[in-house]
Structure formats: C-alpha cells, structure tokens
Amino acid sequence: MSTDLTATPHAGAELHRYADALLASLSTDALPAPPPRELTDAPGHWLPPAVEALAALSRGEDALGPLGRAAQCDERRTALFLCLALAAAGQGDRIHASWFGTAFGDLSMDRPVTSGQRALWLTAARGAYGPAGKIFVLRKLDAFSLSADSDPARWLRALAPDEPSIVVPPSLADFPEIAQLPELARPVHASIQLARLRSRCVEITSVREERGEGTGGTPHRPGAAGAEDEPAAVLRRLIVSDETGGRALSLTDYLLADLRPGSDPRLAAIALHVAAPAVRSAAEELVQATQAAPPSAVTVSLLGHDVALRPEGPDPASLAAAEEHLVAESVPARGLPWPAYALFALGAVLVAAAFLVPAPLPAAALALLLSAGGAYLLWQRRAREQEDADYVAAQLAELRELADGAVWALHEYAREAEKRAQTASSDLTELTRLLRRGPRAG
C-alpha cells in the first residue's frame, strides 16, 4: 500500500527537501532526520517506519518493530530503501540477504531491467554489500548466461571497438597496395582484433590487483556522488514519489554498455563473466580468420598493369600481357618523317635547277642547306626513338623487378602468417583462461 503525497505542491516540495536532507545525512554518517509531517500523518505509508528502522539499524539497535510495520505497508519498497540507504551510509553489511532478494526481484530477458534492480546491481558491484552482495548479483545474472551463438560480433564491437584502417604487415611494407587485398588483409586485421580483445579482457580481469581492492576497501557511497549517481537518483525518486522509474534498458543493453572501454571495471568484470560464451565464440572466429592459409595466387597491379603472382614466380602469360600493354602505352605513335623528306626533295629539285641556271652556286648552296636540315630532323627522330626504347626497357626491367620482389614479399607474408597463427592460438588460450577465472567476489 502506498499513498501519493506529491498531489499538492507544498507536500511535493517538502518531500524533495527531505530527500536532500536524508541523502546528505547518509553521506556524513549522521542519523537520518525524521520524515516531514505530510509523511508521518499519512496512514499506512511505508516510509516513516522504514526511516525509523534505518535509524535503529544505524545505531546497531533492534529494528524488527518498525521494519515489520514498513513491510506490511510495502515490502518491496521497504527492502529497496533499506538496501540503498544502508549502502549509501557505508553500512551495507547490515542488510539481510532476504531484503536484497525482495528488493531485487526477478530478472527476465523478456522485460527491461528496472532502475531499482540496476541500482542494486551497481551498488553490489562496487562492493557496498561485500562479497555476498556481488555473489548474489552474479547468481542472478548467471541464470541468463549468453549462449555462444548470441551474435558474437556485437560483443566483440563492445569490448574492442574496431578501428577501420588498412594495416600493412612488415612483409608487405614495400607493397602497401598488396596489403589491401581482402584475402591478405583479413587475417592481419583479425589477429590485431584478437590481440585487442585479449588486452581488454586482461584489463578487466586484473582490475583488483591494479587498484589494490579487497573486501576491506572503502564502500562506494551513492549519496556522496551527487545527482549523477544512479543509485542515489533511484533512492531520491523512491523517497519523493514511491517510484524508481527512470531509463530502463534490456539486460543485454546494460551488459554491452558495461563492457565498453571507459566503463566501471567492476561492472565490466561481471558483464564479461555473463557474456563469456559469446566472447569466446567471437575469439574463436577471429582465430579461424587469422589462421586462414594465404591464397595460392594473387593478382596485383604493378605499374598500372595486372600481374598474377604465384609462389614459384610471376605467371608468364600475365607478365607477358602486362609487358605488351606497357610497351604499347609507353611508345607514342609516330608517323613518317615527312618534314625531313620534304627538305630532301626540295634540295634535290634545287640541285637539278643549278645545272639549268647561269649562276648555279646559290642554288647548290641552298640545296645543301635544305639537305642538312632534313638530316638534322632525321637525327632528332632517331634520338627520340632511342629515348623511347631506353624508357621502355627501363619500365620492363622495373616491372620484372617489382614482380619478383612481390613474389618474395608474399613468401615472407606466408612466414609471418604462420607466426600470426601461433600467436592467435596463444591469445585464445590466455583469453579462455581469463574467462574461466571469472570476476572476484572481493
């Protein structure tokens, strides 16, 4: 049974002030102030006896009387209030296991996680209820452990977000365009993703050693973290309006959010434990991709021409076709040297005319000059043709050198692939060990 005390503006304002005062007292170890008159005068409301029970528990006194009266009014809200309030006061070890079970209720994949459940989940993960509270949440979540076929790629993206970029292995440093071929890029990319996944799992599972946390650590106090802290916000809404409503996400959505980089590592450890089968499945898929055998032949573009490369060397037919295309593109089409021929013809005409005119010397000299011009044009043409031939020869030599070098690079890539496969197996073994270890209760 609950009564709406927010129907009037005055009562609502009083409840807001009381919620602020109660949260402040919890964060400073002070005894909770008595509820406002609007609450104490309300018949059958759960909060006044719950606050009385909270005060008695904080003093280490017997609280069975007020606790029983509050539970008769609303057992679930009373249990949730005491669990969150005692945790905020740093006395989470005073709660009874049955309160936690009543407040938490049942989880289901078919309906969203309530704000109250998430608040208890967060508070337990942070150690406010000691090992027992964390084990309770783990057992609740274990009932919904994900199967290995629960879209492993989704969990992989949460744990180790992909960084779309072309990674050039050392073997292909001189041929970055070859590294972009999907059949060669995929194993390299998979090995990098697997290493990133293992690193993230190591980071999550080693948080206890890095932070020096243990069962005797200082509990997290929601009241001290301000309105941004979800458990404190849930406790405030419970006091003010009897509700714990807020954002409600599915269990999967919360687990994915907890696994993303930058999340609370204690929450990440729990989420990793629940998602372990899907994470292992994602790792196994990456290992399979990493261990894919290099292709027996690849076709690459060298100097703008496609050449098929095989382990024994460049494919002769494709290399010959590439050379033919290269020659055709490199040698410009040149017609006959008509200007030179014209000069020679005109010179011949002038020589013949020299025998018919009284003064032959000028005509003969001009004919000689024209013939010299024609010879110079022919010499220039031959020089350009030699340059073209030298350029083509250099291009053909470079094409063959690149083809041979690419073949050796692919041999080195194959050797690297064996090392990547061995490293991937080692990463999977280590990752499996980390997943089996699970989160620490302390």
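**Helix H6 and its surroundings**

Helix H6 is followed by Gly-127, a residue with a positive phi, near 90°. The model described here is predicted. Its chain has a mean pLDDT of 80, with 79% of the residues at 70 or more. One is residues 1-9, which in the model has 21 contacts beyond near neighbours in sequence. The other is residues 209-228, with 33 contacts in the model counted in that way, beyond near neighbours in sequence.

Of the 11 residues of H6, 11 are buried, so the helix is largely enclosed by the rest of the structure. Buried here means a relative accessible area under 20%. The buried residues run from Ser-115, Gly-116, Gln-117 and Arg-118 through Ala-119, Leu-120, Trp-121 and Leu-122 to Thr-123, Ala-124 and Ala-125.

The packing against H14 can be followed in detail. Two packed helices are described by the angle between their axes and the distance between the axes. For H6 (residues 115-125) and H14 (residues 265-274), the axes come within 9 Å and cross at roughly 105°. Angles of 65 to 115 degrees count as roughly perpendicular, and therefore H6 is roughly perpendicular to H14. On the H6 side the contact is made by Arg-118, Trp-121, Leu-122 and Ala-125, and on the H14 side by Arg-266, Leu-267 and Ile-270. Sorted by class, this contact has five nonpolar residues, two charged residues and no polar ones. The H6 residues that take part, Arg-118, Trp-121, Leu-122 and Ala-125, are also among the buried residues of the helix.

Other buried positions can be noted by residue. Strand S2 (residues 305-310) contains His-305. The relative accessible area of His-305 is 7%, so this residue is buried. Leaving aside neighbours within four places in sequence, His-305 is in contact with Val-300, Ala-322, His-325, Leu-326 and Glu-329.

How values were computed
Residues numbered from 1 in each chain as written. Predicted model: local features only at pLDDT ≥ 70, side-chain atom pairs only at ≥ 80, totals over all residues. Heavy atoms only, no water. Axes fitted to C-alpha atoms, helices over the stretch in contact; angles between N-to-C directions. Helix = DSSP H or I, 4+ residues; strand = E, 2+ residues; numbered from the N terminus. Parallel < 35°, antiparallel > 145°, perpendicular 65-115°, else oblique. Contact = heavy atoms within 4.5 Å. Nonpolar A, V, L, I, M, F, W, Y, C, P; charged D, E, K, R; others polar. pLDDT = per-residue confidence, 0-100. Buried < 20%, exposed > 50% of the residue type's maximum accessible area, 1.4 Å probe, protein only.
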